[in-house]
Amino acid sequence: MQATIRGKNTPLSSPVSYGGEDRRSRTRRAGRRWLRILSRTVAVLLATAATAAAQPLVLDGGTIHAAAGEEPFAGRVVIDGGRIVAVGEAAEVPEGAVRLDVAGLHVYPGLCDALSRIGLVEIGAVAATVDTAEIGAYNPHLKAITAVHPASEVIPVTRETGITHAVVAPGTDRDGVVAGQASLLHLAGWTVEEMAIETSVAMVIAWPEIQTRSFDFATFSVRESPFSEAKEQAEEAQNELRDWFDAARQYQRAMAAGSDRVERDLKLEALARVLDGQLPVVIQANAKRDLEAAIAFAEEQDVRLILAGGRDAWKIKDQLAEKKIPVILGRTQSLPAEEDDPYDRPYRTAGELAAAGVTIAFGSSAGGGFGPGGPHSARTLPYEAAMAVAFGLPRDVALAALTRNPAEIFGRGDELGTIEAGKIANLIVTDGDPLELTTEVRHLIIDGKEVTTDNRHRALYEKYRARPGAER
Amino acid sequence: MNETFAQRRRGAAGGWCWMLPVAALWLAAPAVGERPVPPPFYAIRDARVVTGTGEILDRATVVLADGLITAVGTDVPIPADAWVIDGRGLTVYPGLFDALTDLGLTQEEDGEGQRGRGGPPGFGGDQPPIRGPEDRPGTQPWVSAADRLSTADRRLESWREAGFTTAVTAPGGAFFAGQAAVVDLGGDDPRSMVVASPVAQRISLDGPGGFRTFPGSLMGRLSYLKQVFSDARHEERVQALYQASPAGRERPVYDRALGPIRQALSRGLPFLLPAHLGREIDRMLAIAGEYDLRPILYGGQGAYARVAALAERRVPVLVSLEWPEAEKDRDPEADTPFRELYHRRLAAVTPQRLHAAGVPFAFYSGGLSSPSQIFDGVRRAIEEGLPAGAALAALTIAPARIFGVDDRLGSVEPGKIANLVLATAEPWAEDVEIKAVFVDGYRYAERTPAEPAEPPAADVSGTWKLTLETPRGGREMTAELTMSKDGKVSGELRGERGSQTIEKGRMSGDRLRFKTTFSMGTRSREVSYNLTVEGDELSGTVSAGPMAMEVRGERSGEAPAAAADGGEKAAPAVPVDELERAMAIVQGPVRDGDSFAIVNARVYTVSGETLDGGGVIVEDGKIAAVGTDLDIPDGLEVIDAGGGSLIPGIIDAHSHIAIEGGVNEGSLAVTSMVTVDDVIDPDDVAIYRALAGGVTTINALHGSANPIGGGNAVLKLRWGKDAAGLRFDGAPPGIKFALGENPKRSRGPSLPGVPQRYPATRMGVMDVIRQAFTEAREYRKTWRDYERAVAAGEKPLPPRRDFKLERLVEILDGKRLVHAHCYRADEILQLLRLAEEQGFRIATLQHVLEGYKVADEIAAHGAGASTFSDWWGYKVEAYDAIPHNAALMTERGVVVSINSDSGEEMRHLNQEAGKAMKWGGLSELEALKLVTLNPARQLGIADRVGSIEVGKDADLVLYDGPPLALGSVVQKTFVDGVLYFDREADRRRQATIEEIEQKLLGEAGNNDRAEGEAAPTAHHASSHASTLLRHEPRYSCREEH
């Protein structure tokens, strides 16, 4: 694996060889691209120099989109010690600061993948590279960060479209319920310790749904089971989940009372953090009845709820708005659940939720994450949000759903999601609206440091683009 | 004798589970015939006689002697020796004829015919694997129903009691299941039952095979049928030639399977072909036409959609009386598609339509387990407008005609077999009393008249938990009961051993009686429940033959709210014509008409300039003019594009939508004998969704489970047309190849005892392809030698047509395009070289995710490349996939397209193409070509589609913004100038669906698709699930296992 983070130990050279002259002169756009690559390299060199000395960094001359929905303004962003220290035209440039000229460019808060498997999956089909789901239905004590691979090639690929941080969540096996704890991570860092913003931001639960259809891989066909049977199974599993919460409550009480008879139990201890209110629960559910059951469960257990998936959330949008339950939506680009559903049903969901006042975010694995894409398609998150814009989601809400909302949903609204003094410096510098396909992210600032936009894909592209013409 | 009942039971047996072995023994015992002896002569006098030929005689006499009807008339002398039956107030009907059953057939194993029922050891895995059609899976045409009759089938008696005197009985469970016979349902000797045999060869799609055994898909099964018919025709010719002069000729191989089929073909014996829905009827009629079969369709419930075609060809149809109903115990929140509701409503209209159009048809019991269900079905057809006389014909003379026995059966006429019903009313009437049934002149005991009924004392509707008191403890069952006002009870009984339909249920006073049928194999016995109801509790006995035990129960749930109407599904109040109008909106063009002009658009001609403020004139579905200053003829409709973008229809070069019954025939390494073209599903809603994404043409491909897969189908998405109407006529045929992880099955589950399929490596994949073409060359040579010999005036034996090799020869001859699924650069190169070695060209490399590494080689070979925009990392061979692939290959001179391989992704292929602008820097026009002109070139249809040029098909898409922008939405999609999608009309389509579903399903509604709170759906207990619902996973090569 090649190193993917360009930090102080990275040699000051361009990451890939650009090949022979003959290749570059072959197309009419080559020159333009060469310039672009060159300017990027210069920027990297500058940034590298800056971070090497741990100097303050100033993004100067760009249009600042400090918060989704607010008017952009011209000015500078001053970054020091990993934090934004000043924003605005009058912001003072500290002595010794490295100035990054972003004139003509736009500065946005870094985008967030609000429920992701980035770092847990390298190649979907190769079990050896997949660390999403542990054996057993109840693993509240597991934390995603433990298995995140900081050198995963998926990370820099995802960054390229402006995603600077992600809530990485464990998943469950087929019968799993409590998957473990999600971690909020920078998408850069030599180690997971450098990546960590918060090792634990939520307890992730896959709601035991009533499933009458199951896919049988042995015969490659869908099996139908009677509804009453499926319902009974689901209810049994839901009751088991209640039992776990009850046990955790009991355990917590006993421990608080200083019991020396009750043995320490790491699983119950982890669940107790939810009961304490230290952690919200993320419950993945899609069908209306499951969403409603999850809400009822959270109310009954008096825990803070974040819904994920939410395919049918539009059916209960008023309830969600009234109860202030946020929803992390899965892929906008998905098929309608039922044959007669409007063709654009999934495209409209985000817009309808937003119009009703529901706080939404987008997560590349929020819908359950089954399928070939998984974290590899996380880079298209802004494009999926843009699809929702085409079908009724206001553009600024879409941007909020990728920036401010996830920060607030996970209780980090004071640290992430907007460009404000005091916040963690996760920023992107673009040549346009990050929700437009043709927009390029020119600079990535993560944890106050400039990080390369290069990645495995670009490296392969440049390598093979430089392949001399094959003779035959 | 002071033993308690329970002690006696314990002494006698010892538990509920004794019931099974004991019942089995008792089922095995032959039924004791109730035939009265001696056979007398009968004269039924003063009866009304419905002769079944259209005549109705009042106060007539029917004389029976020696098993035949000897006289019928109002003026017939009564022989002195006849047993006179007073027919006053009664009617004589021809005995009823059930046109397709398995009555009387025992389940004898036939090793040969069962071939292909493979599996792991213990599951039939001792059978040799099927290597292809030549191993004849599920083929037993020699099996004759007449030879397998047994009187042990208790259904014979219950059918007869209800007035059925005759049935066609046929073997099943195999593709060539065997020979059907017309049998009379009387007698205690099977030999005396047979009236005619064989009367037909039964074809079924319900044979062996599966994921790992040929045939594992619908297209595999259809291709198998064709190959066998072709082989039979071939053998006919070869044997004739060989027998004429055997000397010096190679002896044709004996094939047990072909003899009976050849006989059937040469004697003009009909073939029973399975087909319910329109698309299934089309397929079967195509096969019948191709191989010159005399078809009789069975199933037939969707024939309402093909009445004209059936009438024109006078194809007889056997209509199953098991009308489609809601699935039982299904998710109350799950949506029932409009298409399904429509079919449920229209199915029972079929008989009336067939009758009106003069299509010969007969009724058959299908999967129904009791005559009362058959008669429910008949009444339903009559309610839908079938005249009673036509219903009677469909149960008497019509099946007799269809099976060629109307010279001896089917009507009350002198000389015919004495099969009669003497009844108070039509045999299907709810309150009928059958006074006598005559079979072959024998009189059978009259049906016990129903007990005098008191009005029900209570409504027993609801869910009841029943406990059978067995010596080994209680056994739980659940009864779902529905009672009508007059005390009729219907519903379902569920227990550990599955569910049974409640029959003959009646609540009289506080007494509840009903029966269920307990089946083992083809044998069955009635189980009688005799209960007393008190409020929410009941108790009584359950008896099966000599055995009885106590049962008690309590009501655990309310009556289904909407089922108060005798348990019969209330006929929905939506007129059929309203439904049909709705269907035309739901599945059809927005409007007819294929001539118009579009103005005020940014026209992306793709092949030429992009015109601002431009437009097109479309005449008769073709582009007649393109420009900025159009001379629009007077009266031509003008569509103002409002400044939007007009592009050529999007072409998806890799799709798996609109394919029925499996996308893969993955059982064998080479399955070029199958083709997607055989299994086009014109009713797949994915077609509409694709149109909504601007797609007008697709390359519907076989999956990637094997190195050489099946044929393709290039389709135009003319939503609402049948399979033939979707075909892109003139598009060169293609075939799927697949390399790499999928065909070598590196990720498939390995089953114990099942040998792995060759190949398991990339070496093997190439080897399979090379071997196949080596074989194909031999095959081509054989045919060329033959043709040369014929030309030279010799009389050689013609070679056998082998559909597998025939398609490969088409590739060698350049007549079939190869679309090869591939990933890694090395395997791409290997395939190109192999094709060059074999002398053909790869038309398209599909996926080709590492194509950018060997772009020059691809360009030099002349293959097109059809790739994904940005999928990667889902498997090892996709780890080097880069989103710049399309652009890089384009730069190197490859004709590149972006495809979907997904029913979802195809809905925004414009955006996927746009990604090549971001990654790799293609221009907007170059990117647009990736989903228009380039795939058209790859598929060999660029002379018709792919750009906006005069003379080309008017396949057009109108966007409200730049075509590749994320924010642009398709407003209109035209195919051949016909508007198939319109964003405004889509809202009306949706409203139509909502409205009809509301009406059909009542206030409860279908689901809460419309905004607002959901109410639980009233769902009805039913006898079976509809055949229409298919829950097939959406296929993608990416997810291949």
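Me: At roughly what angle do the axes of helix 5 and helix 6 of chain B cross?
Reply: In this predicted model, helix 5 of chain B spans residues 218-244 and helix 6 of chain B spans residues 258-267. Their axes come within 9 Å. Angles of 65 to 115 degrees count as roughly perpendicular, and helix 5 of chain B is therefore roughly perpendicular to helix 6 of chain B. The crossing angle is roughly 80 degrees.

Me: How many charged residues does the contact of helix 5 with helix 6 of chain B have?
Reply: Helix 5 of chain B contributes residues including Asp231(B), Arg233(B), Glu235(B) and Glu236(B). From helix 6 of chain B come, among them, Leu258(B), Ile261(B) and Arg262(B). By class, the contact has 6 nonpolar and 3 polar residues, and the number of charged residues is 5.

Me: What area do chain A and chain B bury between them?
Reply: The size of an interface is often given as the accessible area lost when the parts come together. Here, 78 residues of chain A are in contact with 79 residues of chain B. Carbon and sulfur atoms carry 54% of the buried area, and the total is about 7200 Å².

Me: Which residues in chain A lose the most area to chain B?
Reply: Three residues together make up 12% of what the side of chain A buries. They are Glu339(A), Asp340(A) and Tyr343(A).

Me: How many salt bridges does the rule find across the interface of chain A and chain B?
Reply: A salt bridge requires a side-chain nitrogen of Lys or Arg within 4 Å of a carboxyl oxygen of Asp or Glu. The side chains of Arg289(A) and Asp331(B) meet this rule at 2.5 Å, N to O. Across the interface, the number of salt bridges is 8.

Me: Which element gives the largest share of the side of chain A that touches chain B?
Reply: Elements giving two or more residues to this side include helix 5 (227-256), helix 7 (288-301) and helix 13 (456-465) of chain A. The residues of this side divide into 33 nonpolar, 14 polar and 31 charged. The largest share, 7 residues, comes from helix 13 of chain A.

Me: Which residue does a cis peptide bond join to Ser197(B)?
Reply: Most peptide bonds are trans. In this bond, omega is about -10 degrees.

Me: What is the phi of Lys324(A)?
Reply: Most residues other than glycine have a negative phi. Lys324(A), in the loop between helix 8 (317-322) and strand 16 (327-329) of chain A, is not a glycine, yet its phi is positive. The value is about 55 degrees.

Terms used. Residues are numbered from 1 along each chain as its sequence is written. Chains are lettered from A and ligands numbered from 1 in the order in which they are written. This is a predicted model: local features need pLDDT of at least 70, side-chain atom pairs count only at pLDDT 80 or more; totals for chains, interfaces and linings use all residues. Side-chain values use heavy atoms; hydrogens and water are left out. Axes are lines fitted to C-alpha atoms, for helices over the stretch in contact, and angles run from 0 to 180 degrees between N-to-C directions. Helices (H or I, at least four residues) and strands (E, at least two) are DSSP runs, numbered from the N terminus. Angles under 35 degrees count as roughly parallel, over 145 as roughly antiparallel, 65 to 115 as roughly perpendicular and the rest as oblique. Contact means heavy atoms within 4.5 Å. Ala, Val, Leu, Ile, Met, Phe, Trp, Tyr, Cys and Pro count as nonpolar, Asp, Glu, Lys and Arg as charged, and the others, Gly among them, as polar. Buried area is the accessible area (1.4 Å probe) that two parts lose on being put together, summed over both.
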